[in-house]
Amino acid sequence: MSMANVAGVSVDTRHFIGGERIASAQTFADHSPIDGVHLADISRGGKQEVDLAVAAAKAAFPIWSQMSPQERGAILHRVADLVEERIEELAIVETTDNGSLLRSHRRGVMPRVAMNFRFFADYAMNQLSYPDFETRGHTNHVTWDPAGVTGIITPWNAPLMLATWRIGPALAAGDTVVAKPPEWAPLTASLLADITAEAGMPPGVFNVVQGFGEEAGAALTAHPDLSRISFTGSVPTAKLVAKAAAENLVPCSFELGGKSPLIITDDADLDIAVTVAVEQYDNAGQVCLSGTRFLVQRGIAEKFKAAFIERAKQIKQGDPRDEATDIGPQIHPEHFTRVKGFVDRAVAEGQTVVLGGGPNSELGGNFFMPTLIDNPTVGSEIITQEVFGPVLCMQQFDTDAEAIEMANGTEFGLAAVVICGDKKRAEAITDRLVAGTIWVNCFFVRDLGAPFGGSKKSGIGREGGIWSFDFYADVKNTVFAPNGWKE
Ligand code: NAD
């Protein structure tokens, strides 16, 4: 069966290669994390399908790359228009497939998907320039040329949003794309393929190969005809991708995991602190940027903890299709077991659980309760490794210097949050934090023009605004001599 009916929406379960739907002999089953219902059997691609898709993208490159940014932009804006027209369909399919909130998809995530196309199309048309400059009378002229075929591999926690945050700028830069969606949430990528065709994108410019990471993903990252690889996912997978890319010397952009600190100083606005702290459970903790390590100044720690627990107890866990629900399930039974394993081991080590601590027995299935572990042992697994579930830790500090040392004390450096009542003090702290993004007295404000990425093991490179084009395009400098012209 090539079509699946998911919550009333018809989704093609095949690959999208060279503008055609192509099936694989083998399939894999896709289930909803909400209730375990079987949603679809998806084509399980491998080297053969990846070869076809890269060949299609390579063949389409001369057509796409030679269009002007305006011509490409018109098509990308049509893609955005169609995304906006279909927000309801995209939202319900994404929710059903990965268990994240329907209300967030409707109001925030899917509009953002449209913006991922609009913003970068407009940037390529209007902002992609650098002033000419002189060297001993010669003129340096900088341009951003299309680079070739970009392979894009993305995770399941925000499938369409994270994919289009790479696909949008890659296409706007004039590259053609082969995307490998996450096998636990493969459906909205297929709907996007339909949209690109309907928007008039030439066949082969955007391709989707469905399948497992170790099959389709590995074949894509090992392909010699790629010019760029954009990977979002975990550190262990990134190491495999880097090795494969090294064989062909393909530049990679990596956006990886985190164990971000949330520092709360004793002069902080307690209401802001609690509101931002509770937000760290969003998407049932399956957010790379989550501030999962609360570092609270000792004088206010008990007061903060009590207020946080009271607020966190009001979080409504349940069916993510329900407007009143705040957090849904974990994506997959395997992931649920992984999250539970972290908490079970912490308990076995004698760590103190002050909130949650296990599966939500009323809801069953993949639902894990919002959990807080207080004062975990320094260096323990729960405070150093990424859980990627609704499991937060709280530690205390005395001086700002101590907070900074604790904040920087993991192998990650994706994000940091500082809640502080004094701007100068906050600046002194942020100056010394090692992180790609820092929020002060707020969380998750993300401008598509701002640089985004991770320090240390949380990533390589930055994307967003000009940084996206610096990666997806070939930046070229042409030096014009002042002489030699015939007239
Ligand atoms: P993952 O690394 O297991 O998988 C990510 C993608 O890589 C999937 O599409 C998977 O199929 C593919 N893959 C797996 N093995 C592969 C291989 N050998 N070769 C090529 N591709 C392969 O990660 P996940 O569990 O899907 O996602 C969670 C991780 O993603 C967390 O660590 C999270 O922090 C991170 N993440 C980072 C960001 C960011 O922007 N920094 C955003 C979201 C998630």
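The points below take the domains, their interface and the ligand in turn.

1. The model is predicted. The domain assignment of the protein chain gives two parts: domain 1 is made up of 3-256 + 458-477, and domain 2 covers 261-440. Between the C-alpha centres of domain 1 and domain 2 the distance is 31 Å.

2. On the extent of the interface, 22 residues of domain 1 are in contact with 26 residues of domain 2. The two domains bury about 2000 Å² between them, and carbon and sulfur atoms account for 57% of that area.

3. As to polar interactions, eleven residue pairs are in polar contact across the interface of domain 1 and domain 2, with both residues at pLDDT 80 or more. The side of domain 1 that touches domain 2 draws at least two residues from each of α3 (87-98) and α4 (102-126). By class, the residues on that side of domain 1 are ten nonpolar, six polar and six charged.

4. Four salt bridges are counted between domain 1 and domain 2. A salt bridge also joins arginine 103 and aspartate 326, with 3.3 Å between the closest N and O atoms.

5. Which residues come nearest to the ligand? Of the 29 residues around the ligand, they are Lys180, Glu183, Ser234, Thr237 and Glu386.

6. In the side chain of lysine 180, an N or O atom is 2.7 Å from an oxygen atom of the ligand. For glutamate 183, the distance from a polar side-chain atom to a ligand oxygen is 2.5 Å. Threonine 154 instead places a polar backbone atom 2.8 Å from an oxygen atom of the ligand.

Technical notes. Residues are numbered from 1 along each chain as its sequence is written. This is a predicted model: local features need pLDDT of at least 70, side-chain atom pairs count only at pLDDT 80 or more; totals for chains, interfaces and linings use all residues. Side-chain values use heavy atoms; hydrogens and water are left out. Domain bounds come from an automatic or database domain assignment. Contact means heavy atoms within 4.5 Å. Buried area is the accessible area (1.4 Å probe) that two parts lose on being put together, summed over both. A salt bridge is a side-chain nitrogen of Lys or Arg within 4 Å of a carboxyl oxygen of Asp or Glu. A polar contact is a pair of N or O atoms within 3.5 Å; within protein, one must be able to donate a hydrogen and the other to accept it, and residues adjacent in sequence count only if both atoms are side-chain atoms. Helices (H or I, at least four residues) and strands (E, at least two) are DSSP runs, numbered from the N terminus. Ala, Val, Leu, Ile, Met, Phe, Trp, Tyr, Cys and Pro count as nonpolar, Asp, Glu, Lys and Arg as charged, and the others, Gly among them, as polar. A residue is near a molecule or strand if one of its heavy atoms lies within 4 Å of it.
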